Amino acid sequence: MSEENPRNLSFRIAPAVVAGTAALLGLFSAWKLTEVQGPAAPPPLDPAAVAALQHDAFTQAEAQPGFGRPENVAVKVRPGETLQGAVQRLGVAPEEARQVVAELGKAVDTVNVKAGMAFEAAIAQPRTEQGSVRLIGLSMRTGPASALTLNRSFDGALRLRELEEKLRDEVRVAEGEIHGSLYESAAKMGATPTVTAKVVKLFAHKLDFERDIKAGDEFRLVFDRTVSESGRTVETGDLQYAELKGVRFYRFERAGGEVEYLDPTGKNIKGFLLRTPVDGARITSKFGFRRHPVLGYNRAHQGIDFGAGHGTPIVAAGDGVVLEARRWAGYGNWLRIRHAGGWDTGYAHLSRYAKGVKPGTRVRQGQVVAYVGSTGMSTGPHLHYEVWQRGQRVNPIGAKVPQGTVLAGAELKRFNAEKARIDGLFQGETRSLAALEKTSHSR
């Protein structure tokens, strides 16, 4: 393979310098480059040409005389540290670090720097292991789709560039398996924590994430997002569809503009009561007879306990009106909410109530009403949760509570059309994957 002579290009680049720059900018092949400083700045290059040039230079260049090959180092500014101090921590000479910060100061605030500010640097170590390292380049992300890079030109001068990606709106169709947490797994598919939190809230009506979800469970999501050319999710919009453990929900906008999530039959997924009134909590004690941890003898446990840290938010299991918010013997701080149809829910051992929660207050399902504590007869922070039906306590797990409403007529017809559109997205994904596999096997 013939080598390309850098001197024949539209502007000259020292190979060893480009090697470090390539190591630093390989992640930015899709970015638009804009010169920030320089008396004779060359015009911006086509991103593909830049990527090809950097790749060739990196693979062909020799190390700078007296220095080893450039290496990338990730850096975060420490508490109380200046940006110059963070650069010097790499082994860069103080004068060179000052020049770097001065150059960056032309585009960003380098004085009011917060701890945790991150950047990547390409440095070359001296072969003799004596003296300062050589800074070849530096890259700093300044926004979801923008960054700054600082590298040395052929004459050794520092050159600052802005890199900016183009953004586009798209509908993201994501399929995966849960490994770790749903948040981690969904993030790998391009979902932000905001989207995943919406998914968790939806499925709280049907699934207990502590007991029902296991590693390897499959999930599917469809959501709107703004994405950069490199595939980075910049912003997410509406969650159009969610599926987990065979339970499916479709987003549907009613004629009056109200948004609901419906199952495949057109039934509102919003159950009468949530399965779990504490996000991410684990069940530590179930309904029935047990040996009381404080009293030391067997007695009926008329609810279920959720283990959670002190101060964890507790939400109302359903729409209703606060009936009681008071101290109640061994229950400590107690809250009772009355719902429709003769149903009540109770919450015990609370550390405190949410602002404004008192008898007579109307609350909505999912609204924070109190916080986990250990008041009353308790051995540690947890929520004791009860469900009452017509004055009698019942097992919260498996209680046959009322279900959501079902669409009919014109709205059901419109929903079915939306459902067919979403289902078609997954069929399209399947066809695309099958075509890709067929092409791969034919080679």
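This is a predicted model: local features need pLDDT of at least 70, side-chain atom pairs count only at pLDDT 80 or more; totals for chains, interfaces and linings use all residues.
Does R251 count as buried or exposed? At 19% relative accessibility, R251 counts as buried, because the cut-off for that class is under 20%.

1. R251 and its partner. R251 forms a salt bridge with D238, and the closest N and O atoms of the two residues are 3.6 Å apart. D238 belongs to strand β9 and R251 to strand β10 (residues 247–253), so this contact ties together parts that are 13 residues apart in sequence.

2. R220 and E175. A search of the whole structure finds 19 salt bridges, and one of them joins E175 to R220, with the closest N and O atoms 3.1 Å apart. The pair links distant parts of the chain, since E175 sits in strand β7 (residues 167–177) and R220 in strand β8 (residues 218–228), 45 residues apart. E175 is partly exposed, its relative accessible area being 35%, and R220 also counts as partly exposed, at 22% relative accessibility.

3. R220 and E243. R220 forms a salt bridge with E243 as well, where the closest N and O atoms are 3.4 Å apart. Because R220 lies in strand β8 and E243 in strand β9 (residues 233–244), the contact ties together parts that are 23 residues apart in sequence. E243 counts as buried, with 16% relative accessibility, whereas R220 is partly exposed.

4. Side chains of opposite charge can pair when their charged atoms come close. In this model, salt bridges that share partners join R254, E260, E411 and R414 into one network.

5. Strand β17 (residues 320–327) runs antiparallel to β18 and is joined to it by 6 bridges, with V322 standing opposite I337 of β18. These two strands form a hairpin with 5 residues between them, and A329, which lies in the turn, has a positive phi of about 45 degrees.

6. The hairpin of β18 with β19. Strand β18 is also joined by 5 bridges to strand β19 (residues 343–353), and the two run antiparallel. Within this pairing, R336 has G346 in β19 as its bridge partner. The hairpin formed by β18 and β19 has 4 residues between the strands, and G341 in its turn has a positive phi of about 70 degrees.

7. Strand β3 and its two neighbours. Strand β3 (residues 118–124) has 5 of its 7 residues buried, so it is largely enclosed by the rest of the structure. Strand β2 (residues 71–76) runs antiparallel to β3 and is joined to it by 6 bridges, with V73 opposite A121 in β3. Strand β4 (residues 134–143) pairs with β3 in the antiparallel sense over 5 bridges, and here I123 stands opposite L135 in β4.

Conventions. Residues are numbered from 1 along each chain as its sequence is written. Side-chain values use heavy atoms; hydrogens and water are left out. A salt bridge is a side-chain nitrogen of Lys or Arg within 4 Å of a carboxyl oxygen of Asp or Glu. Buried means under 20% relative accessible area, exposed over 50%, partly exposed in between (1.4 Å probe, protein chains only). Two strands pair if DSSP finds at least two bridges between them.
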